Amino acid sequence: MQKYLRKQIFLPQDHGSWVFIFSPLLVGFFAGRQFTLSSLSLVVAAVCAFLMRQPITMAVKAYSGRRPKEDLPAARFWIAVYAVIALAALIGLIAQGFFFILFLAVPGAPVFAWHLWLVSRHEERRQAGVEVIAIGVLSLTTPAAYWVGVGQYDPFGWWLWFLVWMQSAASIVYTYLRLEQREWKSMPNRWTRFRAGTRAYLYTSFNFASILALGLVSVLPRFLFLPYLIQWMETIWGIDHPSMGWKPTRIGIRQLTVSVLWTVLFIITWRL
């Protein structure tokens with residue numbers, strides 16, 4: 001049993017990634033204003049699909065020689081467990097009239113296959129572009145949660161998807177900047193610090209400015225820019241205060257805090 005209950009086999013080891021599944025779901029459910037039995041089925045299906053990534057990745061590593069073959073029985077076991085639970089939840093969604101939500105899983109297949117190919121070649125680390133695309137796939141749970149909440153398909157769900165994806169993509173790019181800063185041996189001048197953080201700055205600045213503009217013309221709630229302002233301010237601070245010598249855990253906790261604050265403020269300002 002100990003072989004089957006090792007956390008590195010059945011639980012994601014990048015603990016900060018949990019926010020990328022629960023934040024989109026929460027935003028979608030609160031925007032939809034209802035939490036029903038269908039909502040619970042969606043949560044179970046989404047979380048199981050998210051968890052399944054870990055044992056599948058471990059199996060690919062074992063087959064490619066990066067981990068011992070002894071990991072395969074446990075990996076197969078947890079793949080089967082998550083798959084059975086997810087299938088039961090999906091059957092529940094279909095029975096409740098939400099078959100169309102299953103089409104949101106289609107983009108995830110090629111992206112996940114791409115990730116597994118990189119894993120097999122030991123090239124999955126520091127792939128910011130892949131992660132930004134993958135986060136876009138995870139963010140599809142936002143319109144799914146919204147549609148389940150309102151009880152039908154609504155094109156406005158795509159707005160929610162884009163808004164969540166914008167924040168998550170900026171968060172990933174900023175995290176890569178903070179990890180890069182860890183390796184600096186001495187404090188660079190301000191221009192060098194800003195140049196290194198240009199991409200993160202552009203992402204968060206675009207998010208903040210566009211949401212502010214869309215709020216001013218009443219396309220989006222007028223105060224929705226506030227959570228994006230928080231993320232923009234964090235980026236400015238992080239560019240000017242490099243994380244030299246920080247442990248990755250410290251960076252992750254700070255990013256998790258900012259993401260949680262963003263989620264709470266988004267939910268509040270969405271209804272103002």
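The structure is a predicted model, in which local features require pLDDT of at least 70 and side-chain atom pairs count only at pLDDT 80 or more, while totals for chains, interfaces and linings use all residues. Residues are numbered from 1 along each chain as its sequence is written, and side-chain values use heavy atoms, with hydrogens and water left out.

Helices are DSSP runs (H or I, at least four residues) numbered from the N terminus. The axes of helix H8 (residues 156–182) and helix H12 (residues 248–270) come within 11 Å and cross at roughly 160 degrees; axes are lines fitted to C-alpha atoms over the stretch in contact, and angles run from 0 to 180 degrees between N-to-C directions. H8 is therefore roughly antiparallel to H12 (an angle over 145 degrees). Contact, defined as heavy atoms within 4.5 Å, involves residues of H8 including Phe156, Leu163, Tyr174 and Arg182, and residues of H12 including Pro248, Ile251, Trp262 and Trp270. The contact residues comprise 11 nonpolar, 5 polar and 2 charged (Ala, Val, Leu, Ile, Met, Phe, Trp, Tyr, Cys and Pro count as nonpolar, Asp, Glu, Lys and Arg as charged, and the others, Gly among them, as polar).

His122, with phi near 60 degrees, lies in the loop between helix H5 (108–120) and helix H6 (128–138). Ser218 has a positive phi of about 65 degrees and is placed in the loop between helix H10 (198–216) and helix H11 (225–240). Ser218 is likewise exposed, with a relative accessible area of 63%.

Terms used: Helices (H or I, at least four residues) and strands (E, at least two) are DSSP runs, numbered from the N terminus. Angles under 35 degrees count as roughly parallel, over 145 as roughly antiparallel, 65 to 115 as roughly perpendicular and the rest as oblique. Buried means under 20% relative accessible area, exposed over 50%, partly exposed in between (1.4 Å probe, protein chains only).
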